Amino acid sequence: MNSESGCMMKTLIFNGSPRNNGGTATLIRELEKSLAGDVNVISSYKANISPCIDCRYCWTNDKCSIDDEMQKVYRLINEADNIIIASPIYFGEITGSFLGLMSRLQFYYVARKFRNTEMLSVKKRNGALILVDGGDVYADNAMSMGKSLLRKMKSEFIGSVYFSGTENVPENHTAVPEHILAEIKELSINLSKIPAAETDHERQARIYPIILSEYNPAWPQWFAEEKANLEQLIGNENIARISHFGSTSVPELTAKPTVDILLEIAETIDIEDLIASLPNEEYIYLRKEGNSLSEHDRVIFLKGYLSDGFADVWIGYT
Ligand SMILES: Cc1cc2nc3c(=O)[nH]c(=O)nc-3n(C[C@H](O)[C@H](O)[C@H](O)COP(=O)(O)O)c2cc1C
């Protein structure tokens, strides 16, 4: 159980080694021993997962055209609280077999780029790397590739264990040096103690942090520009009144830098037509059924959220 969320922690480990008793497999077993919750291990050499063939089916479909075990892995990635990449180093890089499996992560990029869709749920995922080599003591490329792959799975890198020197231990070894075992232990503690599941409240605080700003004399100007923009998009004949309200409308007041705009319209205006006249690329449209002030749905458009502030447009009826 994850102590903070009360949920069962889910860990997904990718194993990029072909050897059942090699360094990578041994370290994965050690990590598994001390990890709480559900653990799934996917081996790039054993799983029935083909590399991406750039067929571009996912450019227009929300599924990968290759019907293999990766379909299950997409689900496991989505659900995971922890994602661990564990691989030997071959020629200074994670193994080719493992890169082949990871090429299927292109699916996420394509969804964002060509279908404007996010295929991975927004949740906090911890990411970690375990790298093993014969003794070169050179892991820079594998390390940066591993971190990049973790980012593709929307997981946040929290630590790594690098065991360099398997050529110095007997072939049938499980003899991993004590200090490496200690590092694995520490990693498992860090993976378990960091709150894996984020509550809605925590998420809201992260993506909509409350920032207070000194009064900015540009705020009335932002309002004037946005007012002109709305008049042009909606048409003056459809607008009863547009006003700047909230704390940014009060001169000299320290405020949350949101330029709140109230757009008042007549009851006769077709709200669906109005919504359609505000382009998606410019406005994020939110709607809540009914509200305490009237029978109407509450309609809000978010204009943007930048470090220097943003604007919201609220629709009301006259
Ligand atoms: C094709 C190949 C390339 C390798 N390249 C490197 C390398 O660049 N640097 C290094 O230190 N070891 C290299 N090794 C050694 C492996 O990293 C080493 O055998 C390691 O123990 C493999 O991990 P495993 O025991 O988890 O399978 C290579 C081994 C193979 C088979």
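Around the ligand, α1 (23–34), β3 (82–90) and β5 (126–133) each supply at least two residues of the shell. Helices (H or I, at least four residues) and strands (E, at least two) are DSSP runs, numbered from the N terminus. This is a predicted model, in which local features need pLDDT of at least 70 and side-chain atom pairs count only at pLDDT 80 or more, while totals for chains, interfaces and linings use all residues. Residues are numbered from 1 along each chain as its sequence is written.

**Ligand shell**

The shell holds 16 residues, of which G22, T24, P88, G134 and D136 come nearest to the ligand. A residue counts as near if its C-beta atom, placed from the backbone, lies within 6 Å of the molecule. β3 gives the largest share, 3 residues. By type, the shell divides into 5 nonpolar, 8 polar and 3 charged residues. Here Ala, Val, Leu, Ile, Met, Phe, Trp, Tyr, Cys and Pro count as nonpolar, Asp, Glu, Lys and Arg as charged, and the others, Gly among them, as polar.

Of the 9 residues of β3, 8 are buried. A residue is buried if 20 or more other C-beta atoms lie within 10 Å of its own, exposed if 12 or fewer, and partly exposed in between, with C-beta atoms placed from the backbone.

| Partner of β3 | Sense | Bridges |
|---|---|---|
| β1 (residues 10–15) | parallel | 5 bridges |
| β4 (residues 93–94) | antiparallel | 2 bridges |
| β5 | parallel | 7 bridges |

Individual bridge partners can be named for each pairing. A86 in β3 is the bridge partner of N15, N82 stands opposite N126 in β5, and Y90 stands opposite E93 in β4. β3 and β4 form a hairpin with 2 residues between them, and F91 in the turn has a positive phi of about 50 degrees.

**Nonpolar cores**

The largest nonpolar core has 39 residues, and L27, I84, A86 and I130 have the most contacts inside it. A second, separate core of 12 residues includes W222, I261, L263 and F301. Such a core is a set of buried Ala, Val, Leu, Ile, Met, Phe, Trp, Tyr and Cys residues joined through C-beta atoms within 7 Å. Leaving aside neighbours within four places in sequence, I84 is in contact with T11, I13, F14, A128 and I130. Contact means that the C-beta atoms of two residues, placed from the backbone, lie within 7 Å. In soluble globular proteins, nonpolar side chains tend to be buried together.

**Loop residues**

K124 lies in the loop between α4 (106–115) and β5. K124 counts as partly exposed because it has 17 C-beta neighbours inside 10 Å. The C-alpha atoms of K124 and N82 are separated by 8.7 Å, although the two are 42 residues apart along the chain.

D54, in the loop between β2 (38–43) and α2 (70–79), has a positive phi near 50 degrees and is not a glycine. D54 has 10 C-beta neighbours inside 10 Å and therefore counts as exposed. V137 sits in the loop between β5 and α5 (140–152), and its phi, near 55 degrees, is again a positive value in a residue other than glycine. V137 counts as exposed because it has 9 C-beta neighbours inside 10 Å.

**Overall**

The secondary structure of the protein comes to 9 helices and 11 strands. Of its 318 residues, 29% are buried. Among contacts between residues at least 6 apart in sequence, 72% join residues at least 24 apart.

Conventions. Two strands pair if DSSP finds at least two bridges between them.
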